[in-house]
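Dear colleague,

I am passing on the structure we spoke of, and my notes follow it. Please read them with the model open beside you.

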Amino acid sequence: MQQIIDRFISYVKIDTQSDPNSDTTPSTEKQWHLADLLVDELIRIGMEDVTVDDNAYIMATLPSNLDFEVPVIGFISHFDTSPDFSGTGVNPQVINDYDGGDIVLNVEEKIVLSPYYFDDLLHYKGQTLITTDGTTLLGADDKAGITEIITAMEYLVQHPEIKHGKIRVGFTPDEEIGRGAHKFDVEKFGADWAYTMDGSQVGELEYENFNAASAKVTIKGKSVHPGYAMGKMVNAISIANEFMWILPIEETPQNTTNRDGFFHIHHMQGTIEHAEFELIVRDHDRLHFEKRKQLLLDITEKLNALYNDCVQIKLKDQYYNMREKVEPVMHIVDLAKEAMQAVGVKPIIKPIRGGTDGSQLSFMGLPCPNIFAGGHNFHGKYEYVPVESMQKAVAVIVKICELLAEKSEGKT
Ligand SMILES: [Zn+2]
């Protein structure tokens with residue numbers, strides 16, 4: 001256990017926050033600090049063909065130890081952390097034998113991680129938790145995933161009696177700003193399919209995510225003295241309001257769950273002359289997704305007819321539900337499920353209310369479901385990870401490799 005703790009802590013202490021306002025890859029120079037260390041570590045544990053490209057995408061191979069053919073599979077995680085919360089000076093706290101009570105993260109600032117608010121904590125009574133000191137995020141998202149993949153590969157290197165095919169490992173920068181998959185060389189990776197180790201609670205297995213689009217609406221108004229405005233003023237703020245009021249009021253993030261889609265306005269500003277707002281559109285169902293986008297276009301058209309073409313909309317697809325790419329190869333989900341059950345983890349299969357690198361990779365030709373990495377409360381000071389969950393993830397990775405080899409024997 002100590003080894004996995006030490007490895008994880010050595011990664012989270014390195015600040016790798018990504019930056020959405022940067023155009024470079026990686027978006028921040030500091031992500032190289034961990035990338036360089038990971039390359040060294042992959043070589044040290046005995047991985048072969050360890051490469052890192054100019055954009056800090058890391059790949060490595062664990063060669064097959066069999067003389068028959070087994071599909072090549074990959075495990076992927078990202079080493080950047082969220083720009084939403086500070087990742088500078090992460091000072092992890094290790095709580096042994098968690099008693100199910102409050103954990104004081106920071107005495108001076110009275111920051112407490114409490115099961116009254118975060119009831120998931122109660123699943124982990126008696127386990128070893130790693131938390132923050134209340135001033136930064138932890139970075140279990142997704143350095144837990146990196147820790148698990150490296151630990152599993154090291155275990156397989158040290159246990160040649162466990163038979164497996166060729167395994168590929170991929171670590172990416174900039175996932176948190178939606179660019180983790182952008183420059184991922186699927187062909188070079190050369191796997192038949194892969195798994196991102198980037199889920200939360202132990203047991204999570206996901207192959208469905210949102211279809212996603214973003215929209216920016218701009219309204220041009222006309223300012224006239226209010227006393228003389230009759231028939232002349234065009235108030236961009238009012239028109240923006242009118243647009244928003246036509247959107248279904250119940251279909252917002254705070255009013256929806258499970259498979260319900262939504263519109264989410266997340267930014268607005270306005271004067272009489274100029275108003276603009278930005279929103280995102282999310283839906284698991286492709287048809288409903290298209291209908292939602294159509295509604296935005298219809299509203300624009302309607303308001304333009306009323307107000308002399310003063311509304312402009314820019315609509316952009318962001319990513320799609322990987323389900324349509326994974327369903328034809330469901331055996332890759334079944335394999336992960338079987339591996340979990342074999343190591344005593346109950347699979348929790350549910351649609352993601354977001355996206356993953358795996359959804360983009362799936363559409364780039366690499367089907368890529370998502371497996372738990374174990375952490376909770378990502379992107380903030382209450383982030384924590386039970387060490388036992390990380391150990392389970394390691395066991396699942398090893399078991400997937402082992403089961404796949406068993407299933408492939410005698411097939412060719
Ligand atoms: Zn993540």
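The domain bounds used here come from an automatic or database domain assignment, and on that basis the chain is divided into domain 1 (2–208 + 322–408) and domain 2 (211–318). The C-alpha centres of domain 1 and domain 2 lie 37 Å apart. This is a predicted model, in which local features need pLDDT of at least 70 and side-chain atom pairs count only at pLDDT 80 or more, while totals for chains, interfaces and linings use all residues. Residues are numbered from 1 along each chain as its sequence is written.

First, the annotated sites. UniProt positions are given in the numbering used here, with feature names shortened, and the annotations may be inferred rather than shown by experiment. The unreviewed UniProt entry places the feature "active site" at D80 and E175. These two span 96 residues in sequence, yet no two of their C-alpha atoms are more than 6.7 Å apart, so they gather at one spot. D80 lies in the loop between strand 3 (73–78) and strand 4 (93–95), and E175 lies in the loop between strand 8 (167–172) and helix 4 (186–189); helices (H or I, at least four residues) and strands (E, at least two) are DSSP runs, numbered from the N terminus.

A residue is called buried if 20 or more other C-beta atoms lie within 10 Å of its own, exposed if 12 or fewer, and partly exposed in between, with C-beta atoms placed from the backbone. D80 counts as buried because it has 30 C-beta neighbours inside 10 Å, and E175 counts as buried with 26. Two residues are in contact if their C-beta atoms, placed from the backbone, lie within 7 Å. Leaving aside neighbours within four places in sequence, D80 is in contact with residues including T16, Q31, E175 and E176, whereas the contacts of E175 include H78, D80, D142 and D357.

For "binding site", the unreviewed UniProt entry lists D141, E176 and H379. Although spread over 239 residues of sequence, these residues cluster in space, the largest C-alpha distance being 9.5 Å. D141 lies in helix 3 (residues 140–158) and is buried, with 26 other C-beta atoms within 10 Å. H379, by contrast, is found in the loop between strand 16 (370–372) and strand 17 (384–386), and is partly exposed, with 17 other C-beta atoms within 10 Å. Beyond the neighbours within four places in sequence, D141 is in contact with T81, G375, F378 and H379, and H379 is in contact with S82, D84, F85, L137 and D141.

In helix 5 (residues 236–246), A236, I239, A240 and F243 are buried. Seen down the axis of helix 5, the buried residues fall within an arc of 105° (the arc of the directions from the helix axis to the C-beta atoms), so they line one face of the helix. What covers them includes strand 11 (211–220), strand 12 (262–270), strand 13 (274–283), helix 6 (286–306) and strand 14 (311–319).

Just after helix 10, G410 takes a positive phi of about 80°.

With best regards
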